[in-house]
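Me: I am new to this one and would like to understand the terms as we go. Could you show it to me and take my questions?

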Amino acid sequence: MNESDIRQEIKRLIVRELDLRGKTEADIADDLRLFGGGLGLDSLDALQLATAMEERFGVEVPDDKQSKEIFESVTTLAAFVAKNLPR
Amino acid sequence: MTARALERIAVTGLGMVTSLGEGSKRVFHRLVAGDVGIDSEPLELGVTLPKLPVARVVLADVGATPEPKAQTSWSRCDVFAVKAAREALAQAGLFSQSVEALVGETAGTLREAVLDYARGPSDDTAPLLRRMVLEPLGMTSVRLREALEQVTSSVVVCSACSSGALAIALGAMRLEQGAKQPQLVGGTDSLNALTLTGFGALGALSSDACRPFDEQRQGLNLGEGAAFLVLETETMVRARGGTVLAWLDGYAVGAEAHHLTHPEADGKRASELIAEAMSRAGLTARDIGYVNAHGTATVQNDAMETTAMCRVFRDETARIRVSSSKGQLGHTLGAAGAIEAAIVVEALCEQVVPPTAGLVTPSPECALSLVARKGVTCEFTAALSSSFGFGGAGAVLALVTAEGTLRRSPLVERRERVFVTSVVTLGPSGILRGRENARLLDESTQPLSPRLPFEPLDALVMERSRRFDRLTALSALGTELTLAGAARSGQNVGLVLGNALGDVSRSVEFLRRVRARGLRAAQPAEFPHLLPSSVSGNASIYAGLTGPVFNVSQLGPTATESLLLARTCLRSAMATAMIMGTVEVVDDAVFSVLLEAGKAASTEVPPTEGAAFLLLESGPEFDETTGREPRCELLASANVRDFIHLAEPSWRPSGSSEVLSSIENEGAELDEVLRAVGWQDVPRRSAQARVGTGWHYPGFMLATAAARVLAGEVERALVLTETPDGVHLTLLALT
């Protein structure tokens, strides 16, 4: 899976797992801020997304200081997943 | 308007079942000694769980029913409840005296159904669904009545982790307002795969024994158990020569209107509740010697609670001892508030403060006078017990030693009149506001669609209604519209929401995923929405409500109980207005189960779905009759046995009057009462043509009756409903 596919897949997960009714994958730009301003997600969303991503990609997203950077945007998430995909 | 000095409320009995054993005194002594009821032995719940510390109850014969005459086996949490209730009643010396029960609970009754599903060979969720429908949360009420003949009424209330304390506060309110029977109040819950996987998915569970207020704290340990208190007024106790264990001099119940799972970091609402409970008891920080905190050992709660306490206690913070019992008993969810209240009573009786097991090094953000490993002897007269749950629903109790004098000047109840100032229904006839609801009595030959003719989710702000199921959406929409109908904000307004089953299918789906795909498939953001309290919790956050917020559960209509408890909260000034609601949605799978079990109407009249809401207000501005536009007064709401004794001349029919009834077989008792108050020949009306049938119907009758009065179309409307405790009469009047 290349990074572009991963980004697309993550967007799909975001819309589905976080019940963003009325939004589509096309509405989520790669570099859109996911938390705080941007998409306005909260820490419960982060948890839900992390769980879904772990199931989908087999990659565990750490629940620590690092995670803020990783969860910045779809781009950063996809980069993390790509780097840690199980061989 | 009559004024009456409020009675002091006495605690006269305690009962406990916990992971440190049974018996309130025995458990307390073990707590003081520092014993811990938490272990990491494998827990067999059908789902493969990581090695998790939990506090489990060990009962010799927990599998067997405690009652030889019971037909089916009981849920574990109901066994706990009956045992604890029995102990409390025995200690109070009330062996045959009628009592009224209130039970806090979150999810215990589904333990066995989930266990069998998880262990069973088949993926098929039908048996699980069936059991969850037929043995829902409200079952505990049924079991208490079955096991204890003296329990004349019993209601399950749910405000998540503060349910037990809520039940106690409601019992006190009832007594202050003139209830004639002692109140058996408490909570129960059992370990089950739903809460374990759910809290686990949220990352809220610690992999070690929990450490409340500690700098290394990383989450809670779940526990199970039950506790009951017997509450009586001072007059009741003295009249029968009973013993006062402690006084429940103050309480406060409210919500944060913030977030379903995260508390407000600044603890502002929590501090208000602490201050209110103290103030109601006439206590200042100088009087408080001990606080049994909620202290779940999550990073967020303990910090928030500390902030809240410091804000209220200020300079006294360094002196007031604080401990959390959850390090020894775990977080017992629906039982927690009750177990901890009983612990505080024991502490007051023995003048010993129990410890906080698991606490080694207090966190810098928890700068309190924390009692660590063992209990300490201490002279103190007053103590607090705090509980804060999901949805920001909190309850704080203020207790004083039996020898302690009453610090407040006697509270005088102003006995203000209660008015219905807004009515909203959402049902087969669409969304009806205020007087529009009078149209529900119109005739109609149109067949009713079982499903609503509109989608409640479409009417809500998307960003604030994420993950709302239809039940929650309907509740949030109804709540918002009801507030709007009286042009009010949610500030100081509460909500009592009655719903029989919760969203069973949603819980089943959560569990199906876990069974099929393992713990990784447990969706963290789903779980908080599966607790019964999430329906009222979500609605209260959506509408910004900060008064008492909780669900009422019953295997049947809930409108009567919700109305009564809403009125109770209003009369005790827990809020300046209270919304009462009843909501039911139709789910085909659930309906099939009910039909097959003979608990639903035939397929010729499938149930409809809908929600009915009333806003109750009282206050000086309503007392003067100035001949302004028609107002609807809630003149009376009582069961058939009490109605006749309480009846006043104004309760007779007057001008144009009508009766709305959902009772199939009225019986001689009701007939006699109606005759005695002159209502026997008043025309009967029905809203069934426009509402359909279902557990929400009584709520619609109340709404319709109120609307008819508000529209000036009738002067008096009497609504007859059926409850497990018999027929209930509610009288609405034009003023």
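Reply: Gladly; what follows is a set of questions and answers on a predicted model.

Me: Let's begin with two helices of chain B. Why are α1(B) and α12(B) called roughly perpendicular?

Reply: The axes of α1(B), residues 24-32, and α12(B), residues 336-350, cross at roughly 80°. Angles of 65 to 115 degrees count as roughly perpendicular, and the two helices are therefore described that way. Their axes also come within 10 Å.

Me: Which residues make the contact between α1(B) and α12(B)?

Reply: On α1(B) they are B:Ser24, B:Lys25, B:Phe28, B:His29 and B:Leu31. On α12(B) they are B:Ile343, B:Glu346, B:Ala347, B:Cys349 and B:Glu350. Sorted by class, this contact has 5 nonpolar, 2 polar and 3 charged residues.

Me: Staying with helix α12 of chain B, what makes B:Leu348 buried?

Reply: B:Leu348, which is found in α12 of chain B, has a relative accessible area of 3%. Buried means under 20%, so B:Leu348 qualifies. Leaving out residues up to four places away in sequence, B:Leu348 touches B:Ala246, B:Phe380, B:Thr381, B:Ala382, B:Ala383, B:Leu399, B:Val400 and B:Thr401.

Me: How do you know that the length of helix α9 of chain B agrees with its number of residues?

Reply: Helix α9(B) has 13 residues, 268-280, and at 1.5 Å a residue it should span 18 Å. The expected span takes 1.5 Å times one less than the number of residues. The end C-alpha atoms are 18 Å apart, so the two values agree.

Me: Which residues of α9(B) are buried, and what do they pack against?

Reply: The buried ones are B:Arg269, B:Ala270, B:Ser271, B:Leu273, B:Ile274, B:Ala277, B:Met278 and B:Arg280. They pack against several elements of chain B, among them α6, β10 and α10. Just after the helix, B:Gly282 takes a positive phi of about 75°.

Me: Why is helix α15 of chain B described as largely enclosed by the rest of the structure?

Reply: Of its 11 residues, 533-543, 10 are buried, so α15(B) is described as largely enclosed. The buried residues include B:Val535, B:Asn538 and B:Tyr542. Their cover includes β7, α13, β21 and β22 of chain B. Just after α15(B) comes B:Gly544, with a positive phi of about 75°.

Me: You mentioned strand β7. What makes B:Val151 buried?

Reply: B:Val151 sits in β7, residues 151-158, of chain B. Its relative accessibility is 5%, so B:Val151 counts as buried. Neighbours within four places in sequence aside, B:Val151 is in contact with B:Val99, B:Ala101, B:Leu144, B:Arg145 and B:Leu184. B:Ser96 is 55 residues away in sequence, with 9.2 Å from C-alpha to C-alpha.

Me: Now chain A. What makes A:Val74 buried?

Reply: A:Val74, in helix α4 of chain A, has a relative accessible area of 0%, so A:Val74 is buried. Its contacts beyond four places in sequence include A:Ile10, A:Ile14, A:Ile28 and A:Leu34. A:Ile28 lies 46 residues away along the chain, with 8.2 Å between the C-alpha atoms.

Me: Which residues other than glycine have a positive phi?

Reply: One of them is A:Asp19, with a phi of about 50°, in the loop between α1 and α2 of chain A. Another is B:Arg467, with a phi near 65°, in the loop between β20 and α13 of chain B. B:Arg467 has a relative accessible area of 9%, so it is buried.

Conventions: Residues numbered from 1 in each chain as written. Chains lettered and ligands numbered in written order. Predicted model: local features only at pLDDT ≥ 70, side-chain atom pairs only at ≥ 80, totals over all residues. Heavy atoms only, no water. Axes fitted to C-alpha atoms, helices over the stretch in contact; angles between N-to-C directions. Helix = DSSP H or I, 4+ residues; strand = E, 2+ residues; numbered from the N terminus. Parallel < 35°, antiparallel > 145°, perpendicular 65-115°, else oblique. Contact = heavy atoms within 4.5 Å. Nonpolar A, V, L, I, M, F, W, Y, C, P; charged D, E, K, R; others polar. Buried < 20%, exposed > 50% of the residue type's maximum accessible area, 1.4 Å probe, protein only.
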